[in-house]
Amino acid sequence: MLFVVSRLGHTRCLWILLAGLCLLQTGCVSRRLMVQSNPPGALVLLEGEEVGYTPVAVDFTYYGTREITLIKDGYETLKVMQPVPAPWYQWPGIDFFSDNLLPHRVTDRRRLSYSMQPKQIPPSEDLLQRADQLRNESRLGP
């Protein structure tokens, strides 16, 4: 049996094939947080989980407020509730199209920079006075 494909049928098949290829090549949104500190080398905890030492980059899925903690010897521990707002193309309703139907990849990179303060070490005289005061209070009782 011999099939004869008309020019109209050939064009239709070509369009269906092209549409199928476009669906296979859809892009997505890549989200990445870059955390930097001054001085560098601080341990970064994101939502209580270690992610590395600054500068560090980490992928994320959801927008919203993130708890970021920076820890470094000789510096005060810094704990920040950092808002990470969604861009317009990630608003509910629009996000379906940007995540699934865009023909290219979209990258959302956020750079967060923090300055850490040196730890204030009290003079040893003050510590000794405070220790004596606590010792005396403990002898007196409540």
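Which residues is Val-44 in contact with, leaving aside its neighbours within four places in sequence? Contact here means heavy atoms within 4.5 Å. Val-44 is in contact with Val-35, Glu-49, Glu-50, Val-51, Gly-52, Thr-54, Val-56, Ile-68, Thr-69 and Leu-70.

Good morning. Before I continue, a word on the source. This is a predicted model, in which local features need pLDDT of at least 70, side-chain atom pairs count only at pLDDT 80 or more, and totals for chains, interfaces and linings use all residues. Residues are numbered from 1 along each chain as its sequence is written, and side-chain values use heavy atoms, with hydrogens and water left out.

Let me begin with the overall plan. The protein chain has 3 helices and 7 strands; helices (H or I, at least four residues) and strands (E, at least two) are DSSP runs, numbered from the N terminus. Read from the N terminus, the elements follow the order α-β-β-β-β-β-β-α-β-α. Of the 142 residues in the protein chain, 26% are buried. Buried means under 20% relative accessible area, exposed means over 50%, and partly exposed lies in between (1.4 Å probe, protein chains only). Among contacts between residues at least 6 apart in sequence, 59% join residues at least 24 apart.

Leu-70 belongs to strand β5 and is buried, with a relative accessible area of 1%. Beyond four places in sequence, its contacts include Val-35, Val-44 and Tyr-114. Leu-70 and Gly-41 are 29 residues apart in sequence, and their C-alpha atoms are 9.5 Å apart in space.

Ser-30, in strand β1, counts as buried because its relative accessibility is 17%. Not counting residues up to four places away in sequence, Ser-30 touches Arg-105, Val-106, Thr-107 and Asp-108.

How many aromatic pairs does a search of the whole structure find? The search finds 1. Phe-60 and Tyr-63 form this pair, which is edge-to-face, with 5.4 Å centre to centre and 85° between the planes. Rings of Phe, Tyr and Trp (its six-membered ring) pair if their centres lie within 6.5 Å; planes under 30 degrees apart count as stacked, over 60 as edge-to-face and the rest as tilted. Both Phe-60 and Tyr-63 are buried.

Next, the backbone. Most residues other than glycine have a negative phi, and most peptide bonds are trans. The peptide bond from Asn-38 to Pro-39 is cis, with omega near 5°, and Pro-39 sits in the loop between β1 (29-38) and β2 (43-46). The bond from Thr-54 to Pro-55 is also cis, with omega near -5°; Pro-55 is placed in the loop between β3 (49-53) and β4 (56-59). Glu-47, in the loop between β2 and β3, has a positive phi of about 55° although it is not a glycine. Glu-47 counts as partly exposed because its relative accessibility is 42%.

Trp-91 lies in the loop between β6 (78-84) and α2 (94-100) and is partly exposed, with a relative accessible area of 47%. Thank you.
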